[in-house]
Amino acid sequence: GMLLVVLLVSNMLLTKEGVTSLPICPNGSANCQLSLGELFERAVKLSHYIHFLSSEIFNEFDERYAQGRGFITKAVNGCHTSSLTTPEDKEQAQQIHHKDLLNLVLGVLRSWNDPLIHLVSEVQRIKEAPDTILWKAVEIEEQNKRLLEGMEKIVGRVHSGEIGNEIYPRWEGLPSLQLADEDSRLFAFYNLLHCHRRDSHKIDNYLKLLKCRLIHDSNC
Amino acid sequence: GQSYPGKPKIIRCRSLEKETFSCWWKPGSDGGLPTNYTLFYSKDSEEKTYECPDYQTSGPNSCYFDKNHTNPQATYGITITATNEIGSNSSDPQYVDVTSIVQPNAPVNLSLETKPSANTMYLWAKWSPPPSDDVSSNLLVYHYELRLKREEKEEWETISVGVQTQYKVLKLQAGMKYVVQVRCMLDVGEWSEWSSERCIQIPNGESPPEKPTIIKCRSPEKETFTCWWKPGSDGGHPTNYTLLYSKEGEEQVYECPDYRTAGPNSCYFDKKHTSFWTIYNITVRATNEMGSNVSDPHYVDVTYIVQPDPPVNVTLELKKPINRKPYLVLTWSPPPLADVRSGWLTLEYELRLKPEEGEEWETIFVGQQTQYKMFSLNPGKKYIVQIHCKPDHHGSWSEWSSEKYIQIPTDFRVKDMIVWIVVGVLSSLICLIMSWTMVLKGYRMIAFILPPVPGPKIKGIDAHLLETGKSEELLSALGCHGFPPTSDCEELLIEYLEVEDSEDQQLVPRHDNGHPSKNAKMIPKETDSDSGRGSCDSPSLLSEKCRECHTLPSILQTPDVRDVQESKGGKRTWETQCIASEQKTFLFNNESTKLSTWPAAQLPNNQPPMFAYHSTVDAQKITLNTTNVNIAAVLVGNEEKHQSQYPVTETANNDVEKQREVESLHSKTDQTTVQVKQNRSNDKSPFLNPKLMDYVEVHKVRQDEPAVLLKHKENSGKTEKYTVPGSSKEYTKVSTVVDHNILVLMPDSCVQHASVSPEPAMETSPYLQQGQAEKNMSYCLTTPSECRRETSGSEYMDPSSFMPSFK
């Protein structure tokens, strides 16, 4: 009797899932393609979420470990992505070709793959690191990968198949995260989080700009 | 005794300026006698001695050597000789070298002031050389010394000034008080005394400006930004502010590109100077002539300092969809500076609202949309709405937009429902109260005031009377019971209806004489009288009617007056009628209850003292007995059924009658006849059954309370007498019908004429005027020839048989 009920319920759940997945991919998985607008919609949501997490984790870290240490004054020009020339104001962002901007976004995302993986592992060694920081680091790392996948799709669509494999800046900061001196090590974390907050905001801003430009014809 | 003077002593010789000099001495004892003092000097080693050239200038016991007697190079040998009558005495000689005795006076006019210099304050002291009468003394060269100390301290700090008469003192402590003196000397001789003290307070403010503070930086549209700073104290001098900034990754320091655009103490960075995702290190330097000071550095990433302007074009629109509650639609636009269309800046909105008189705002986060629909607003209230906005990630909320007001209209349906509910509740409440009081009071009242007495029967018209054509007699017979019964005689209502009609006709002959038009007006009044039944239960109305009854006798004697009253009364009756019929709706139930509960047993007790019987039936004896009462009670039961139909019929009649005021009497008669017929068909009314309808109830009412109840019974032409216990009077004539429902019977003139008439007359007189207001007594008919009627068989008219004859 119980088994039957369980089967019935699971069956119902399955049917429901089937139903909910229908509108997304009505023609089956083979030819199923999201429109560029939908892709951008998702990418923007994701980048928004990533930056939200990044801001949260930075603020949390700042409050807990950076108070009174004057990290901000040292955190100048210390990002591994600063070698990438990115638009720094609206005018520059509007002048750059959307393909170049997309490639920039891709580059920044890729350049963060490595450091985020290390961040997840190293952040657990911080003394009394709260769970909120830990899970945010994990979440950021995962979502960054998802966004990268999505961006590759978008870039593939926009570039009609070509995915630029340009060189992206390498992060050499792992040793700094493992420094024995606590102050230096904390600053290394601080700087990394600071840089990610900045870059994730850049990506989010560029994607919103691109979405308005490509999907809404600059009339959001 | 007296002796020669003591030896004087030369105290001092001094030259102020190397050109003159003076010597002072101290006298010895004078020996008790007046003593003269003489100074003798010799120059160098010359033999010749001279006496003092001037004993006056330098004061007593002194000698002043002016320029001519002063030789700086010479050495003077000086002695003082004191001489009196007895002898003389000389001091020891003193050898004076002029250059060695030079000591100038102290410098004068010392003045101090503080002045700011590069980094600190300095003291500026000025003075003048010692004064001298001699102009040539100005050529003298003095050397000066200045000393100063903190006021509270003991040690002086002495400064050699040189030949200048002014001096700058540096490195003073601000806020301290200093004391300053100067002295001088010539190239030879001694230092002068110190000059008098001068004090000065070194002011605090005279210093380099304080550190300015950078208050905040703000970007209104994520394209440009402005920083503001708060100056510190300016150190008492005009101060310049310079904003310097460097950008992350660049060594170079730039100065603010635009101090003007954003107002004083601000720096505006235009688009070209604004970069995002880069940290600006900003400092402000304040500089005045005393020095400069730099603010703490301010680190700014423009990404995080975006605070937009408030949204604009806020509109509130009230939508009223059919069959749904109205709702509010808010729309707004992003601030004009913000470029949200390009996607560079994304704004989120929040709105807040409250009722105008409310205290707390309700805040709603709206997200990125620029419109919002609000349901569930309280109708009839005025709301205040404001909106502000914020960039999607960082930055801060804008100011609130200006307040917008919207009046939510009252929901009419809801309002109506409420009104109706209130009306319903109220009216039912009133009904309850009324019925309650009527049940309680009416029961008592009726039992007390209106004992049931069997009414006289109206049993058609005497055929003889008709045949003889004595209409006046007919009228007299009919007029008196032409009106609806009071509350206690409801069962007779229908009979009265018919009587009224007949009365109309009776009136015709009378008024034909000169007042036909008035007559016409009267008729409806009479006809309505049945509708006045409702008022039977109202004690006030009842009493009024009673008074009218009493006035009847007097009216009979003054027909003219009565006519006037008739004409006046025409209209008013309609009014009273309306009231009466309204009241009836409320009273209806009560009437039936009341009537049905009439206790028969009480009747005999209550009646006797108050009433008089008028019998229209010739030779009929009115007797009251229990049998009659019983019958009356039965009739009452029947009557209750009829009553329920009255409101409808009556109202209809009233309306129709109004329209037909001018119509002929006949047509009206027809109308009433129809009505009667209707009554008959509707129910088995007493009209159809002579036995049931032959009760007439007449009560005569005294001024204070209804007093008389008369019942006449006639069974199929057979007459019964009802005697009132205690006063066996017989009333044979209907004297009048008053108002709507009171039938006044006159005592049989032949039998007991004298006994009855005086009393009513007396009672009436005081009420004559009131009666005039009521004007209804006009119906009363004079029947002088009552005696004649005695002979006629029946004086009661059966309306059913009477009416058709007028067709």
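Mentor: Let's start with a term: a residue is buried when its relative accessible area is under 20%, exposed when it is over 50%, and partly exposed in between, using a 1.4 Å probe and protein chains only. This is a predicted model, so local features need pLDDT of at least 70 and side-chain atom pairs count only at pLDDT 80 or more, while totals for chains, interfaces and linings use all residues. Residues are numbered from 1 along each chain as its sequence is written, chains are lettered from A and ligands numbered from 1 in the order in which they are written, and side-chain values use heavy atoms, with hydrogens and water left out.

Our part is B:D54, in the loop between β4 (50-51) and β5 (62-65) of chain B; helices (H or I, at least four residues) and strands (E, at least two) are DSSP runs, numbered from the N terminus. B:D54 is buried but has no salt bridge, a term for a side-chain nitrogen of Lys or Arg within 4 Å of a carboxyl oxygen of Asp or Glu. Lys and Arg count as positive, Asp and Glu as negative, and His and the chain ends are not counted. On that basis, the nearest side chain of opposite charge is B:K67, 14 Å away. What does B:D54 touch? Setting aside neighbours within four places in sequence, B:D54 is in contact (heavy atoms within 4.5 Å) with B:S62, B:C63 and B:Y64.

Elsewhere in chain B, B:P27 lies in the loop between β2 (21-26) and β3 (36-43). B:P27 counts as partly exposed because its relative accessible area is 30%. Residues up to four places away aside, B:P27 touches B:P8, B:Y37 and B:N61. B:K7 is 20 residues from B:P27 in sequence, and their C-alpha atoms are 7.1 Å apart.

Now step back to the whole of chain B, which has 17 helices and 35 strands. Of its 807 residues, 51% are buried. Of the contacts in chain B between residues at least 6 apart in sequence, 71% join residues at least 24 apart.

Chain A has eight helices and zero strands, and 46% of its 220 residues are buried. There, 82% of the contacts between residues at least 6 apart in sequence join residues at least 24 apart.

A:D204 is classed as buried because its relative accessible area is 1%. Leaving out neighbours within four places in sequence, A:D204 is in contact with A:V44, A:S47 and A:H48, and also with B:D392 and B:H393 of chain B.

For a contrast, look at A:K45 in helix α2 of chain A, which is exposed because its relative accessible area is 61%. A:K45 gathers with A:R42, A:R146, A:K153 and A:R157 in a patch of positive charge on the surface. Both α2 (36-65) and α6 (131-158) of chain A supply at least two residues of this patch, and α6(A) gives the most, with three. Such patches are made of residues with over 30% relative accessible area and no salt bridge: like charges are joined within 9 Å, and nonpolar side chains (Val, Leu, Ile, Met, Phe, Trp, Tyr) within 5 Å. Each charge is placed at NZ of Lys, CZ of Arg, CG of Asp or CD of Glu.

Technical notes. Accessible areas come from the Shrake-Rupley method with a 1.4 Å probe; for residues, only the protein chains shown count as cover.
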